[in-house]
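Here's a quick briefing to read alongside the sequence and the fold. Have the viewer open as you go through it.

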Amino acid sequence: MNISDEAKKPELVWHYTDTNALISIIENHRLWASSAAFMNDTNEMQTRHRALCRTYAQIRSSLKTTQQEELDKVYHHDAPAIGSQPQFLLSASESADALTLWRSYGSTDSVFSIGLDTSVELKVIPQLKETSHPDPPTGYFEEFEDVHEDGYTYLMYNPDIEHDDVSQWSKVKYVPRSGDVAHEEHLRNLAARALVKNTNSIRIPPSASSGSNNSRALANLEKDQSFADEREVRIIAIINPEWKFVKYRSGPQGLTPYIELGTIHEQSIGKLPIRQIMIGPNSVNTENQKVSLRSLLDSNGYSEVQILVSEIPYR
């Protein structure tokens, strides 16, 4: 699934955006990764789990009772729902000129696709320099405190420990809602593990565990096949603490948390790895748009960026 493999890695991925966002990206050298909970896919980060639950319902009767008891805890329809993880997504497409993505912005504004070089690493940009919460709310440390017999309260974990993990660009896998062969194979591997666990006979290798790195990656990259024409490629970021990294903006889903990604060189913000920009088919005065875009790019250190124009006859 990871496209870091040179044989599969596209040179560019394309981030679609409107005029105001384009100006912000060029002038500030920053891209926004929004909270996964505020995407237009209502099942974002839940698609794999839902597909596994539906697949499990189909194969449950073929499993032994001990296997059912174990898998019921996670995949039975009565099992507690898994909440959305606090992750942030920067989405792009393998397609520079995708009608389905141009349409998503309507026809009232100029739209652009920004060609980003996938070989350049992006990092999370902190919003504050402090190393501890500047104004911790009531109870901020409470769940991490432990009162010992001597009467002293000890902090078992510091919630202000800084951590940011940014993935490489990775392709989304589009799957049917009812699950597929890979989902069934995963469940049957878990069922085999549950059976072995019950008999205490042999040890199951880590690759069969539901908590393996591959399983966690798939959970973040599987998406409903209805979105397949978007050909999405994404970066996934996890951060801590929120107060140090997270900003907020108005979005289609309301007040939306987001973080900023960019290139950082010796503590300073560098230029983004923008190689090309395509002007969308619904743009008015395309020739004037090209002149304005060239001026914007040249004024902000992107004189080498090539400008393209969509050839799709859409307005």
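In H8, the buried residues include Leu 293, Leu 296 and Leu 297. They sit on the same side of H8, because they cover an arc of only 95 degrees around the axis. Keep in mind that this is a predicted model.

**Around H8**
- The length of H8 (residues 286–299) checks out: at 1.5 Å a residue its 14 residues should span 20 Å, and the end C-alpha atoms are 20 Å apart.
- Just after H8 comes Gly 301, with a positive phi of about 85 degrees.

**The loop between S7 and S8**
- Tyr 157 is in the loop between strand S7 (153–155) and strand S8 (163–166), and it counts as partly exposed because its relative accessibility is 37%.
- Tyr 157 also belongs to a nonpolar surface patch with Tyr 152, Tyr 154, Met 156 and Ile 161, and together they have about 550 Å² of accessible area.
- Pro 159 lies in that loop too, but it counts as buried, at 7% relative accessibility.
- Leaving aside residues up to four places away in sequence, Pro 159 touches Tyr 140, Phe 141, Phe 144, Asn 240 and Pro 241.
- Pro 159 and Glu 143 are 16 residues apart along the chain, with 9.7 Å between their C-alpha atoms.

Note on methods:
Residues are numbered from 1 along each chain as its sequence is written. This is a predicted model: local features need pLDDT of at least 70, side-chain atom pairs count only at pLDDT 80 or more; totals for chains, interfaces and linings use all residues. Side-chain values use heavy atoms; hydrogens and water are left out. Patches are made of residues with over 30% relative accessible area and no salt bridge: like charges are joined within 9 Å, nonpolar side chains (Val, Leu, Ile, Met, Phe, Trp, Tyr) within 5 Å. Accessible areas come from the Shrake-Rupley method with a 1.4 Å probe; for residues, only the protein chains shown count as cover. A salt bridge is a side-chain nitrogen of Lys or Arg within 4 Å of a carboxyl oxygen of Asp or Glu. Helices (H or I, at least four residues) and strands (E, at least two) are DSSP runs, numbered from the N terminus. Buried means under 20% relative accessible area, exposed over 50%, partly exposed in between (1.4 Å probe, protein chains only). Contact means heavy atoms within 4.5 Å. The expected span of a helix is 1.5 Å times one less than its number of residues. The arc is that of the directions from the helix axis to the C-beta atoms.
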